[in-house]
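My entries are below the display.

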Amino acid sequence: ATVDGLTGVYNRLYFQERLQIELENAQKNNYSLSLAIFDIDHFKRFNDTFGHLFGDKVLKHISDLLKKSLRSGDIIARYGGEEFVLLFPRTELKEAFDKVEILREKIAATTIKDELVSASVTVSFGLSAYPDVSANESELLKMADNALYDAKESGRNCVKVACVTDK
């Protein structure tokens with residue numbers, strides 16, 4: 001099983017395998033690889049206020065929007081509960097930032113509805129890239145995750161980029 005049953009995107013295990021392969025390819029062929037981690041801002045509030053079925057609807061909606069917005073070679077996976085990861089092969093940090101910012105704006109501009117509830121959603125992104133700021137798989141993930149925490153501490157609904165000094 002490589003796909004998350006709820007969202008229809010890849011699961012964490014499959015992502016870890018692909019990350020290893022994509023990073024090896026980037027190193028061997030000398031190209032950039034960018035990685036973004038994001039999560040849904042205040043997701044617990046959706047579940048607590050509107051119920052877990054609406055929370056599931058939020059996860060599905062965002063997954064569907066991203067699947068439609070990414071290139072065929074880009075990879076999206078559910079990384080944790082409301083946390084997702086995006087992998088952009090052959091994409092430098094600046095280009096990845098521009099893509100992620102567009103995705104963030106698309107998500108913020110949508111409204112998720114069911115019979116009783118209508119809600120808007122925002123997400124926070126952390127972004128890292130090989131070889132710009134990360135030299136290996138664990139740095140790529142760790143630095144994107146650190147940038148995500150920076151985004152949350154900066155008020156959410158934004159994109160933060162890892163810096164070489166974040167190692």
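Ground rules. I noted that this is a predicted model, where local features need pLDDT of at least 70, side-chain atom pairs count only at pLDDT 80 or more, and totals for chains, interfaces and linings use all residues. Residues are numbered from 1 along each chain as its sequence is written, and side-chain values use heavy atoms, with hydrogens and water left out.

Strand β1. I took helices (H or I, at least four residues) and strands (E, at least two) as DSSP runs numbered from the N terminus. β1 covers residues 33–40, and eight of its eight residues are buried (under 20% relative accessible area, with a 1.4 Å probe and protein chains only). L33, L35, I37 and D39 point one way, while S34, A36, F38 and I40 point the other way. In a regular strand the side chains alternate between the two faces of the sheet.

Partners. I counted two strands as paired if DSSP finds at least two bridges between them. β1 pairs with β3 (residues 83–89) in the antiparallel sense over seven bridges, and S34 stands opposite F88 in β3. β1 also pairs with β6 (residues 123–130), antiparallel over eight bridges; there the bridge partner of D39 is S124.

Sheet. I found five strands in an open sheet, in the order β2-β3-β1-β6-β7, with mixed pairing. Its edge strands are β2 (75–78) and β7 (159–161), each pairing on one side only. β2 and β3 are antiparallel over four bridges, and I75 has L87 in β3 as its bridge partner.

Definitions and conventions. Buried < 20%, exposed > 50% of the residue type's maximum accessible area, 1.4 Å probe, protein only.
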